[in-house]
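Here is a friendly walk through one structure, with the criteria spelled out along the way. Please keep the sequence and the 3D view open as you read.

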Amino acid sequence: MRSGVSAPERPRLADRPIFLPALLAALLGIVTPPLVRAEHFDIKLLAAGPDGVTQEAYADQSPPECGLNPRPVLKARAGQKITMQFIMTNVYPHGIAKNAGVHYYVVREKEAGQKTLPPLSQGVVTEGTFTFNLKPKARIGAREHFVIREPGVYLLRVESQRTQRDHEHFSAIDLLIQ
Amino acid sequence: MLAALQARAYRKASAVRTPVMLALSATLWAGFSLCASAQEFTVELQASSRSQTQTARNSQAAPTRPVLPTGAGEPIRVHWFASNAEKGPAISDVTLHVFLEKENAIGQAAVPKPSAQAPYESALVMDFEPGARSTGDFSLQAPEAGNYLLRVETIGASKKLGREYFAAMDVKIQ
């Protein structure tokens, strides 16, 4: 498991091939994506600013709720378009977890790297959930463009839910909006 | 004499048989309809802007789609589900693909292929046992003004069901 590895100056996310073909190709075994192996979930989370800078984060686990690994920080300006993309892969080879979920969101937080999760009752920029029967090798992915209009620090996080294990996996990046 | 009796018997039997056959046909038709609907895979899409909610369910390739009007930067809330019928076949490796992508005109027949600039795109893969269901719920900011297609579709259902399923609507952003 690896987390919090930043990779500045990567090619723009927007310039990369669309992600459904990549996902389908990976599912068909045509391509083996360079995901880092985790105990149950591989997660690759990307956040890209308009200047081409991209930050990446990989799987961590909770509890504790914010994991153990430091989060990378993406800097951008208020009003600029930010792209987030994640692909999660279930690498646990046994059984199906019925009614499992994936939850992702961008929400305002007090400071970069804070160790408590901010409430989702206010300051949410975007949020989404999926509910499904999680089978071995299943993949779930999403890409979304969004704009943050108010300067501040925001948490971008994607997390597994209801996987019927004693812990869940997540990946997160702090967004510093100036 | 015998012929007359036979004719009368036939008319009598016919008089009884016709309503019975009609009732039987109606029952069979209803049964088949129920069966068909019980075995149908369902995809439904619902989207809400500040002023309206639109719903699309098991869309066909018809020229008319619901239209959700909204303004650039305003929030759009989307909910979708896909479910296999209780008595449907088990279908493995179905991808549920959801996207919002710009289109040239409201109601256009051609489905735009989502690009890297698509405001939203997601995919998940699961096996649909009979009665299995998957849902998605997300918010997004309406992108720049224009016409967009919001669509949820199956990829891989046709191998068991003979066709893919989708639900779609147009989003008009002003």
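A:Pro64 lies in the loop between strand 3 and strand 4 of chain A; helices (H or I, at least four residues) and strands (E, at least two) are DSSP runs, numbered from the N terminus. A:Pro63 has its place in that loop too, between strand 3 (60-62) and strand 4 (73-76). The peptide bond from A:Pro63 to A:Pro64 is cis, with omega near -5°. A cis peptide bond also joins A:Ser62 and A:Pro63, where omega is about 0°.

Before going on, a word about the model: it is predicted, local features need pLDDT of at least 70, side-chain atom pairs count only at pLDDT 80 or more, and totals for chains, interfaces and linings use all residues. Residues are numbered from 1 along each chain as its sequence is written, chains are lettered from A and ligands numbered from 1 in the order in which they are written, and side-chain values use heavy atoms, with hydrogens and water left out.

## Positive phi in chain A

Most residues other than glycine have a negative phi, and most peptide bonds are trans. A:Asn99, in strand 6 (residues 97-109) of chain A, has a positive phi of about 60° although it is not a glycine. Its relative accessible area of 44% makes A:Asn99 partly exposed; buried means under 20%, exposed over 50%, and partly exposed in between (1.4 Å probe, protein chains only).

A:Arg162 sits in the loop between strand 9 (152-161) and strand 10 of chain A. Phi of A:Arg162 is also positive, near 55°, and this residue is partly exposed at 37%.

## Chain A as a whole

Of its 178 residues, 56% count as buried. The accessible surface of chain A comes to about 7700 Å², with 53% belonging to carbon and sulfur atoms; the areas come from the Shrake-Rupley method with a 1.4 Å probe, and for residues only the protein chains shown count as cover.

What does the side chain of A:Ser171 reach? It reaches the backbone oxygen of A:Ala57 at 3.2 Å. A:Ser171 belongs to strand 10 (residues 168-177) of chain A and is buried, with a relative accessible area of 1%.

B:Asp170, in strand 9 (residues 166-173) of chain B, is buried at 0%. Its side chain and that of B:Arg65 are joined by a polar contact of 3.0 Å (a pair of N or O atoms within 3.5 Å; within protein, one must be able to donate a hydrogen and the other to accept it, and residues adjacent in sequence count only if both atoms are side-chain atoms). B:Asp170 and B:Leu68 are 102 residues apart in sequence, yet 6.2 Å apart in space, C-alpha to C-alpha.

## Strand 6 of chain B

In strand 6 (residues 120-128) of chain B, nine of nine residues are buried. In a regular strand the side chains alternate between the two faces of the sheet. Here B:Tyr120, B:Ser122, B:Leu124, B:Met126 and B:Phe128 point one way, while B:Glu121, B:Ala123, B:Val125 and B:Asp127 point the other way.

Strand 5 (residues 91-103) of chain B pairs with strand 6 in the antiparallel sense over eight bridges; two strands pair if DSSP finds at least two bridges between them. Within this pairing, B:His97 stands opposite B:Ala123. Strand 8 (residues 139-147) of chain A also runs antiparallel to strand 6 of chain B, joined by five bridges, and A:Ile140 stands opposite B:Leu124.
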